[in-house]
Amino acid sequence: MIDDLVRSLRPDDVTEESYQARRADDLTRAFAEQPARRRRSPLLAASGLLAAAAAAFVVFAPSTTVPVKIPLETPVATPVLTARSVLLAGAETLERTPAGKGTYWHEKVRTFTSPLDGVVVASTGETWYDGRDGKIGATRDVKTTFADERAEKVWRAKGRPGLPDAGAERSFEGMVLAWGIGTKQVRQADLKKLPADRAALQKWLDEARPTGEDAGSFTFAAARHVLTSPASNAARATLLRILADQDGLRLDDDATDPVGRPGLAITDATGDHTLVVDPATAKLLAYVYDGPDERQVDSPPGTTMIPARHGTAYAYLETGWADLPR
Amino acid sequence: MDDPETRFTDLYDRHYRAVLGYALLRADRAAAEDVVGETFLIAWRRLADLPPEPLPWLLGVARNLLRKQRDSGIRAERLLAYLPARDSPDVADQVTEREAALIVLAAMAEADAEALILTSWYGLTPREAAKIAGCAAGTFAVRLHRARRRLTEALRPRTLQEQS
């Protein structure tokens, strides 16, 4: 019996010996830390910092005494939210959502990057694209935030890295917009044709996933593109169902995205990828990348690879079909 | 039972050996022990988020950590060093057969060997094991079937091979 033979290869003697030798030290090392209830990414925390700074400018009215009636607490049965249940509910919401109207896929995205420790550069970009033509809006609302004065000094001394090019509005003439999803280079037409059938979409993802890359982590990274793309609502719903079946997902049901919108944050098992979802519409509000910096690799001539950087976040302010603005 | 330290200790006691066994496939002992230590540290930090059946989750975390190592392939010589001793009258035959099996496992496509090991060592369902291996259940079933067939063929007694 092959399985019995393979089972007899399990190195039980070594694992038992190691267990006895390491147990005390491993437990001591763990208990030296408090188990975290929730882990917030630096950018989500940074947005909290911004909100706190803004609150400092609120002018309070002179205090007056107002009788306050405190309601008696009544126990309310609330369903337990899990990352899985949130994603599955999102899939159902998407399936009920009618497709939008318009010729151009419109995205308005606020991008947050962290060129140095304690420095966050934010800017807003906008595109309208029909697969061939369209418009790229000028980069707007560039804002740099610092954790402290020292971070600001270092950033200035290093020549203010990370500021986006302040390009003017332009057309897509001579350019093709494509996204690298794993090994696939994907254009708008490909995204519109993404299958809604689960097996077919899983096959597409498996084909795109580079050899050796973790499936859960890859699916999360791919989800960022697909969930904000002109893929059909049915295909997006299927992707949420595939995400829901990943192991080790974590849910923060009290999160805010980098622009302060409340949402549900779902983080994959590696902790590298977080998706912030609006529970009412199942739309992706934001994507936050907390993994290691990706290395720049050679890309085909005429294309530019933008490697993922630790601490980068995208807040999707608007995504959907629209007409070209005048 | 509900205090975090007791829960974590129980988790460690139940699953340390299994996670280390998996890590030893892909790293030498010192590195494997470090990876498993790190895996349980991550589990402690995320204790509130662990699924009810945590072994597949732990193996998945260990797999991710192992992938960051320079040489994380399944190697026959690595496994041979850990081959457990067995008290049996025909111990020589058994050792020979197990050594042969290890060499076949190490020579086959890594994903196929992993499929067979995950299901037979840990009793995971193909669906659970597919998640750890990072592939669809159908793909996993194909890998498992291929690995079983390859091992069966390689270990078939020579006389039978000659007759077929």
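Chain A holds nine helices and 12 strands. Both are DSSP runs numbered from the N terminus: H or I of at least four residues for helices, E of at least two for strands. This is a predicted model, in which local features need pLDDT of at least 70 and side-chain atom pairs count only at pLDDT 80 or more, while totals for chains, interfaces and linings use all residues. Residues are numbered from 1 along each chain as its sequence is written, chains are lettered from A in the order in which they are written, and side-chain values use heavy atoms, without hydrogens and water.

Of the 326 residues of chain A, 41% are buried, that is, under 20% relative accessible area with a 1.4 Å probe, protein chains only.

Now take helix α4(A), residues 83-96. Its 14 residues reach 20 Å from first C-alpha to last, close to the 20 Å expected at 1.5 Å a residue; the expected span is 1.5 Å times one less than the number of residues. Its buried residues include Ala83(A), Val86(A), Leu87(A) and Leu94(A). Among the elements covering them are α9 (233-244) and β8 (250-256) of chain A.

Next comes chain B. About 4,600 Å² is buried between chains A and B, meaning accessible area (1.4 Å probe) lost on being put together, summed over both. In chain A, Leu9(A), Tyr19(A) and Phe31(A) lose the most area to chain B. Six salt bridges link the chains, each a side-chain nitrogen of Lys or Arg within 4 Å of a carboxyl oxygen of Asp or Glu. Arg29(B) forms a salt bridge with Glu17(A), their closest N and O atoms 3.1 Å apart.

Technical notes:
Buried means under 20% relative accessible area, exposed over 50%, partly exposed in between (1.4 Å probe, protein chains only). Contact means heavy atoms within 4.5 Å. Buried area is the accessible area (1.4 Å probe) that two parts lose on being put together, summed over both.
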